[in-house]
Amino acid sequence: MNKWQERFNQTEYVFGKEANVFIQEAAERFTIGKNVLAVAEGEGRNAVFLAEQGCDVTIWDFAQSGLDKAQALAKEKGVQLKTKVQDLQEADWSTDEYDAVICVFGHFNPELRMQTLKGIRQAVKPGGLFVTEVYAKEQIDYGTGGPKDIAYLYELADFDVFSDWEHLHFEKKEVVREEGAGHSGLSSVIQFVGRKK
């Protein structure tokens, strides 16, 4: 059993049921589009929020227990989701398929991080968006959520993959995140909204 399968295998939603604040802000500021992929989405809070906004959302996650909870939350909110158990190391990324891809606090080893970002770059349609909020390297000193291994945290240079995209929002900053028991308190994050040309 992988650690996320085990972690999500409880009644409580580890990161709460409300969407990440940055995803909510991005949905207000930008046209997310109809066809959305949520990568490493866990228990589904962000996907359900976007479904409530009228998006058709597909979730990829490594943990069936998380996807089961995402479906339960979708039912509770009266929306539909498509879910797929997906090991990102084995992901077969389509080309120009999605109006938007979101990834909230999706943390991977450096090799898989680059592989995933390149996959996202490929999967977004021209004119589509990639929207993400992740923990920065500095988060290692905050202790308010995220990996305990600094190699799994992001730096601005990771987003060089999208250097030729239009950067609608790109910032490293401190924010307060209260998202269930998993994220609680002042945090160092990187936020990125890019539009594929």
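A few words before we start: residues are numbered from 1 along each chain as its sequence is written, and side-chain values use heavy atoms, with hydrogens and water left out. In this predicted model, local features need pLDDT of at least 70 and side-chain atom pairs count only at pLDDT 80 or more, while totals for chains, interfaces and linings use all residues.

**View 1**
The space in the largest pocket comes to about 940 Å³. (A pocket is an open set of points on a 1 Å grid over the protein atoms alone, where a 1.4 Å probe fits, with protein on both sides within 12 Å along at least five of seven lines; lining residues have an atom within 4 Å of a point. Points are joined across faces, edges and corners, and the volume is the space filled by probe spheres set on them.) There are 36 lining residues, and K3, W4, F105, H107 and F108 are the closest to the centre of the largest pocket. Look for helix 1 (3-8), helix 3 (45-52) and strand 2 (56-61), each of which supplies at least two lining residues; helix 1 gives the largest share, four residues. (Helices, H or I with at least four residues, and strands, E with at least two, are DSSP runs numbered from the N terminus.) By class, this lining has 14 nonpolar, 13 polar and nine charged residues. (Ala, Val, Leu, Ile, Met, Phe, Trp, Tyr, Cys and Pro count as nonpolar, Asp, Glu, Lys and Arg as charged, and the others, Gly among them, as polar.)

**View 2. Helix 2 beside helix 3.**
Helix 2 (residues 21-29) packs against helix 3 at an angle of about 25°, and their axes are 10 Å apart. (Axes are lines fitted to C-alpha atoms over the stretch in contact, and angles run from 0 to 180 degrees between N-to-C directions.) Helix 2 is therefore roughly parallel to helix 3, a label for angles under 35 degrees. I23, Q24 and A27 of helix 2 meet N46, F49 and L50 of helix 3, where contact means heavy atoms within 4.5 Å. Four of these contact residues are nonpolar, two are polar and none is charged.

**View 3. The one cavity that is counted.**
Here you can find the one cavity of 30 Å³ or more. (In a cavity, the probe fits but cannot get out.) Its lining consists of C103, F108, T116, L117, I120, F130, T132 and Y154. Helix 5 (110-123) and strand 5 (124-135) each supply at least two of the lining residues, with the largest share, three residues, coming from helix 5. Six residues of this lining are nonpolar, two are polar and none is charged.

Note on methods. Angles under 35 degrees count as roughly parallel, over 145 as roughly antiparallel, 65 to 115 as roughly perpendicular and the rest as oblique.
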